Amino acid sequence: MSAMSFISSSIGKKVAMSLSAFFLISFLLLHVAINLLSVVSAEMYNEASHFMGTNPVIQFVMQPILIFGVLFHFTMGFVLEFQNKSARPIKYKMKNEKGNSSWLSRNMIYSGLVILSFLGLHFYDFWIPEIKYKYIEFQAPDEHRYFGELVHKFEDPMRVGFYAISFILLMMHLLHGFQSAFQSLGVNNKFTPGIKKMAWVFSVTIPLAFVFIALFHHLKH
Amino acid sequence: MDLKLKIWRQKNAAAKGKIVDYDISAISSDMSFLEMLDVLNRKLIEKGDEPVSFDHDCREGICGSCSLQINGRPHGPDGGTTTCQLHMRKFKDGDSIVIEPFRAKAFPIVKDLIIDRSAFDRVQHAGAFISVNTSGNTQDANATPINKGNADHAFDAASCIGCGACVAACKNASAMLFVSAKVSQYALLPQGQVEREMRVTDMVSQMDEEGFGACTNTGACEAECPKGISITNIARMNREFIGSNLKS
């Protein structure tokens, strides 16, 4: 079977979703670690952000891979949703799904859509100004600007509110998605209960850490 | 007990169906669900109306024919049972019961509550078989030692009756629990090794061709399966499929 036939099969699509999910989850861990530095020390946050923003490997290799990973995960998610919806063209008159599955697992597309709209705002807030600063206006590198920019973004309570809601939705997305990615890759064995616990802890703590960082800067500054 | 039935009626595959209301009385709580439908049909025939068509055969939970969506759940509210094993004592006097066929693009409606599940047959034909020498020197299957754990898991997977409740319960109308049970029962046994890689790719390919959805790991199939088939079989099928593709 060719790579194209594999990726076009139902299992191949799920494998691709899982691998891109693991990649995005690992990025999330790195992102929260750097953001948490802003709570500890403005200097450390500036230093880490400057490194991430100027290192050529990160800028020209990792960043395009990340953007591809994000676009791939969302596109594949929509493709699967469309395929899955078309598998039942006539709906049931009465559904009783509460007894057999969790709300989170049935509504991944909706939590994903909120996260996608948040990513739009996030790109508008941080990524586009960064690209403009470096590659359009060609301004001189300033390793002390990052902390101030971050604090400025969290001054608006509306933005902090949307930010918090988005990360709650991310938590809900991860609560099903993280452990589910293991099942899609064929991992369901004696380690599965431990994997589910680890995924639960990650899914709750990481989004809450992002919310904490936003609230911290909003309330402190 | 007296009940209000809301039943999906559809003349044939091409006709437009709708829910039709029926009042039924004097139903014993000791009746099975299908016996209750038999009573309704007798009354409809006495009135000169068209009886409700529904599938049934063994009426003891083995054949997988009696597949109805009852109050929004495949095989009704009782766990681990088929529709024929469901008893009216699970309902209360005055209850309203919605009865629909299992719905999926791959399971077109033939009439009323009868669906065409031959998509499952075609998936099985694609790879759910083994090669055995039948020229007169066939080896006794029991002569091959089999690990007890594998034998038990294969037996559990083989208890799938192909009723389609997994497809009916899944929000994506995915058949992965059914297909993975069939893949597993052979993959775990020495007799299934010859076609092992070909089997999983061919069965998954046929499953996709039939128009079933993809698994999103909600676990609804496992929860509604009357035979308790576990989604560990789906993980095994995914492993088999990935492994088979990496080798080829």
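Two residues are taken to be in contact if their C-beta atoms, placed from the backbone, lie within 7 Å. The model is predicted: local features need pLDDT of at least 70, side-chain atom pairs count only at pLDDT 80 or more, and totals for chains, interfaces and linings use all residues. Residues are numbered from 1 along each chain as its sequence is written, while chains are lettered from A and ligands numbered from 1 in the order in which they are written.

**Contact between the chains**
- Chain B places 39 residues in contact with 35 residues of chain A.
- On chain B, strand S5 (96–101) and helices H6 (196–209), H7 (220–224) and H8 (232–247) each supply at least two residues of the side that touches chain A; helices (H or I, at least four residues) and strands (E, at least two) are DSSP runs, numbered from the N terminus.
- H8(B) gives the largest share of that side, 8 residues.
- The side of chain B that touches chain A comprises 14 nonpolar, 16 polar and 9 charged residues; Ala, Val, Leu, Ile, Met, Phe, Trp, Tyr, Cys and Pro count as nonpolar, Asp, Glu, Lys and Arg as charged, and the others, Gly among them, as polar.

**Domains of chain B**
- Chain B is assigned domain 1 (3–111) and domain 2 (117–131 + 144–247), with bounds from an automatic or database domain assignment.
- The C-alpha centres of these two domains of chain B lie 28 Å apart.
- In chain B, 18 residues of domain 1 are in contact with 17 residues of domain 2.

**Strand pairing in chain B**
- Strands S1 (residues 3–9) and S2 (residues 18–24) of chain B pair in the antiparallel sense over 7 bridges; two strands pair if DSSP finds at least two bridges between them.
- S1(B) also pairs with S5(B), in the parallel sense over 4 bridges.
- B:Lys4 stands opposite B:Asp23 in S2(B), and its bridge partner in S5(B) is B:Ser96.
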